[in-house]
Amino acid sequence: MSEQSKRAFELLKEIGFIRTAGSKEEEKAAGILMAELGKIGLKAEIEEFPIEDAPQPKATLKVIEPYEKEYTVTGYKCAKNTPPEGLTAEFLYVENAMDVNLADAKDKIVLVNSYINFRNYKKLIQAGVAGCVSMGGTLRDRLEETDLDTRKVRKVMEKYGSIPAFHVRMADAFDMVAKGAKKVTVTLEGERSELTSRNVCLTIPGTKHPDEVISFGAHYDSVPFSTGVYDNGAGSVILMELAHFFAQNPPLRTVKINWFGSEEIGLEGSKAYVAAHKDELKNHKLMVNVDVAGPVIGAEKTKVMAQESMVHFVDYWMKMKGYAVDVSQDIYSSDSIPFSDAKVPAINFCRFGIPGSAFIHGRYDVMEYLSEEALEKTLRYVMEFADEMVNAVVCPVEPGIPDNLVKKIDEYLDKNPDEKTEEK
């Protein structure tokens, strides 16, 4: 293995602890990244930004008809509280929350497949439900080896309204549906707080084209219960190797490397960065995002958020260099989104574990399923691509974002017509 991959893997071990958005552990991880940059002789800046959060609410759910049983639940942070005595209502399983499912959902507490996102949340509010319950995990999970997720009602959802929201294990959701639960009583007692998260931001000025910027990003936070080494400590340490390289090889174009905080709660770090650096984004020729890498069993993928010409360029480049990477044009749910929303072309480099071989957003995102050899696969082409792009005679990236991706980005960010008008 190369010196770079050995060093990156050791740093990955060092930051492999739970580091949720706005926590002391996230701050500690930022300090580790800053210290590592200091060893290279580079001075980065910490850019702080506020995030809305909440302590885990107190929550209960009890079926009272046609049988009685209390199930363990977590309450969604920032969801609407119930009255102190609780909320009793009819219970309805609405599956994927299609219109037909919701036709008789008014004033009921509904159970939906998977998590609550802004799309199904909006439909639930419009249907007039009294509350909602989501589910996660698998029927084969063993209770002593699984964690009940903590979820949050995000700001993009709150504009539609507020209802009590809960999360249960798949096994308990199955039990309620199989036994024909008809009426439930729920309680939710929570409060909101404001925390401070931070981005670690490094700039290495270009020697020939200082006004042209190639930007690199990766998020370094994790979710509760997760050490987040696959998602996304691996991307973070790959960026550190880029810092090593460009410190020793001054770039022709300006290189900006950003480690974003609070990605896992809605891309908060990259959104804050784009808002704070709005005036300079016109100089950003390309944003390269690295999110998930290192699983032993997996495959390399690239999602290009740019003109079709860039898709062909990257695909040809990978083949010419001998890298087995599946390249496609599509959006990717990560820190590239705010940049592309600001019309900066972006590329997402990833190594996905195949189903059953690597795990994100839970206790099984651990070093055990990663390897130095697998991390190097992504590291090698990210570094070579970065070198050639930053030092190209002419930057080959066509500016702007094509209409088909603009539509997908707008849908992802749940933009309404007023917001789109304001952008123009």
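Is Cys-78 buried or exposed?

Mentor: This is a predicted model, in which local features need pLDDT of at least 70 and side-chain atom pairs count only at pLDDT 80 or more, while totals for chains, interfaces and linings use all residues. Residues are numbered from 1 along each chain as its sequence is written, and side-chain values use heavy atoms, with hydrogens and water left out.

Cys-78 is buried, with a relative accessible area of 5%. Buried means under 20% relative accessible area, exposed means over 50%, and partly exposed lies in between, using a 1.4 Å probe and protein chains only. Cys-350 is also buried, at 0%. Cys-78 is accordingly in no disulfide, and the nearest cysteine sulfur, that of Cys-132, is 14 Å away.

Another buried residue is His-244, with a relative accessible area of 11%. His-244 is found in helix H6; helices here are DSSP runs (H or I) of at least four residues, numbered from the N terminus. Leaving aside neighbours within four places in sequence, His-244 is in contact (heavy atoms within 4.5 Å) with Arg-7, Glu-36 and Ile-40.

His-244 also belongs to the contact between H1 and H6, as does Arg-7 of H1. By class, that contact has 7 nonpolar, 3 polar and 2 charged residues. Here Ala, Val, Leu, Ile, Met, Phe, Trp, Tyr, Cys and Pro count as nonpolar, Asp, Glu, Lys and Arg as charged, and the others, Gly among them, as polar.

How values were computed: Helix = DSSP H or I, 4+ residues; strand = E, 2+ residues; numbered from the N terminus. Disulfide = S-S within 2.5 Å.
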